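This report is written for a reader meeting the structure for the first time. Please look through the sequence and the model before reading on.

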Amino acid sequence: MNEIICPNCKKAFKVDEAGFADILKQVRDQQFEEELQTRLHLADKDKVNAIKLAEAHLKNAFQEDLTKKNQEISELKARNVREMAAELNKKDAEISTMKSKIDMAEMDKKLSVSEALKAIEKERDSLANAIKNKETEKQLLEKSLYEKFTVALKTKDDIIKLKDEEITLRKDMKQKLSTKMLGETLELHCETEFNKLRATAFQNAYFEKDNDARGGTKGDYIYRETDAAGNEIISIMFEMKNENDDTATKKRNEDFFAKLDKDRKDKGCEYAVLVSLLEADNEFYNTGIVDVAHKHEKMYVVRPQFFIPIITLLRNAAMNSMQYKAELNLMRNQNVDISNFEEKINDFKSGFARNYDLASRQFKTAIDEIDKTMDHLQKTKDALLSSVNNLRLANNKADDLTIKKLTHGNPTMKAKFDGL
C-alpha cells in the first residue's frame, strides 16, 4: 500500500499498487503533454525565426541577383536604344527623302497644271476669237440678209399694192362687164384690148378666133407671131371663161384645163392661157399670172387685166430667154413668203450652234484631261502620304518596344528572367 497526500486538502490516503501506478501514469502523461506543448511552442518560435532568417538571406540574394539583372537589362536596353536610334535616324533620312520627293512631285504637279492651264487658256482664247469671228460673220450675214430681204419685203409690198389695185380694177371691170353684158363679152373685151395695141406692139402678130373644130373641139382665140423672115416666134391658145354672179352652178378653172390642153396640142400652139373670171374669191388665182404647169405643161391662168401682160411676157421670153427667166421668176416669187428669210436665219443659227457645240465639247475634253492629270497627281500624293503614315506607325511601334515584349516567345531570354 502507498500513502499519498492530497495537495489541496493535505489529507493522506492510501492506494494499492495498481491505483498508484494509474495515478503516476496520469501525472506523467500530463507533464509530458505540458512539456510537449512547451517544446512545440519553442519549436514554432524557432521555425518562425528560421523562416525569417531564411527569407532575409533569400531576399538579400534575390536583391543581389535583381541588381545584376537590372544592370544587364540596362545594358541591353542601352544597346537596343542605340540600335533603335540608328534605325530612327535611317527612317528620318528616308522620311526626308520622301518629303523631298513629295515636294518635287508637288512642283511637277504645279508645273503640269500651269502648263495645262496655259494650253487651255490659249485654246480658250482661240475659241473666244473664233466665236467672236463667228459673231461678226453672223452680224454681217444678218445685216446682208436683212438688207436683202428688206428689198424683197419692199418688192412684196409693192406687189401686194399692185395686186390690190389689180383686184380693184378687176372688180371695176367686172362691174362694167356686167353692165355691158348685152353688148360686150369677155372675148370681145380681150379682143378689143389686143386691137388697141396691135398696130404699135403686135405688128407681126396674128390674133383671131379659132374656127377650126376638126379635132372635135376648138378654143376661143389663137395668137401667133413671126419675125421678119416669117419664122414663128411664139404661139398661144386662149380660152376665155366668164359667168354671172347669180349663176346657179359655179364652174372651176380646173374644169377647163384638159380641154384647153387638148386644143393647144391639136392646133400646134406652144402655150395655153385661160383668161378667167371664175372663182372670184380664190386668192390663188387672184395673185396675178398663175402657172399651172403642175397640171398641164406650159399652161397659165390669168385674170382679164393680165391678158396683155401674159402675151408680152411669153413673147419676150421667146425672144430673150434670160429676160424671160427673170420675168417669170419675178412673177413666181410673188407667192414667196417672208418665211424664206426666217429659214435662212434658222439655217445659220443651226450651223452656228453646231460649231459652238463642237467647240464646247473640245473645251470640255481638255478640261477632263486636266482633271484626270490632277486626279493622278492626287493619287500619287496620297500614296506618299500613306508611306509617311506607315513610317509614323513603325516609329510608334519602336517607341512601344519593351523588355517584356522582346522576351515574349524567346526561350533564352525567358529562361534568364525565370531565374530571377
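The model is predicted. Its sheet is open and has 6 strands, in the order β3-β4-β5-β6-β8-β7, with mixed pairing. The edges are taken by β3 (205-209) and β7 (290-291); each has a single partner strand, so one side of each is left without a neighbour in the sheet.

## Pairing inside the sheet

The antiparallel sense is found between β4 and β5, which pair over 6 bridges. In this pair, Tyr223 stands opposite Ile236 of β5. The two strands make a hairpin with 5 residues between them, and Gly230, in the turn, has a positive phi of about 90 degrees.

On to the parallel pairs. β5 and β6 run parallel and are joined by 6 bridges, with Met240 opposite Val275 in β6. Strand β6 (residues 271-276) also pairs in the parallel sense with β8 (residues 299-302), over 4 bridges. Here Val273 is placed opposite Tyr300 of β8.

How many residues of β5 are buried? The count is 7 of 10, so β5 is largely enclosed by the rest of the structure.

## Helices across the sheet

Helix α3 (residues 257-266) lies across β5 (232-241), β6 and β8, and runs at about 150 degrees to β5. Helix α5 (residues 307-319) lies across β3, β4 (221-226), β5, β6 and β8, at about 160 degrees to β5.

Which residues of α3 are buried? They are Phe257, Leu260, Asp261, Asp263 and Arg264. Seen down the axis of α3, these buried residues fall within an arc of 160 degrees, so they line one face of the helix. Their cover includes β5, β6, α4 (283-286) and β8. Just after α3 comes Gly268, with a positive phi of about 70 degrees.

## A buried aspartate

Asp220 belongs to the loop between β3 and β4. The residue is buried, yet Asp220 has no salt bridge. What is the nearest side chain of opposite charge to Asp220? That side chain is Lys209, 4.9 Å away, while a salt bridge calls for a side-chain nitrogen of Lys or Arg within 4 Å of a carboxyl oxygen of Asp or Glu.

Apart from neighbours within four places in sequence, Asp220 is in contact with Glu187, Glu208, Lys209, Asp210, Phe238, Glu239 and Met240. Among these, Met240 is the residue that stands opposite Val275 in β6.

Glu279 lies in the loop between β6 and α4. Its phi is near 50 degrees, a positive value in a residue other than glycine. Is Glu279 buried or partly exposed? Its relative accessibility is 22%, so Glu279 counts as partly exposed; the cut-off for buried is under 20%.

Lys298 is found in the loop between β7 and β8. Lys298 is not a glycine either, although its phi is positive at about 55 degrees. With 36% relative accessibility, Lys298 counts as partly exposed.

Notes: Residues numbered from 1 in each chain as written. Predicted model: local features only at pLDDT ≥ 70, side-chain atom pairs only at ≥ 80, totals over all residues. Heavy atoms only, no water. Pairing = 2+ DSSP bridges. Contact = heavy atoms within 4.5 Å. Axes fitted to C-alpha atoms, helices over the stretch in contact; angles between N-to-C directions. Buried < 20%, exposed > 50% of the residue type's maximum accessible area, 1.4 Å probe, protein only. Arc of directions from axis to C-beta. Lys, Arg positive; Asp, Glu negative; His and termini not counted.
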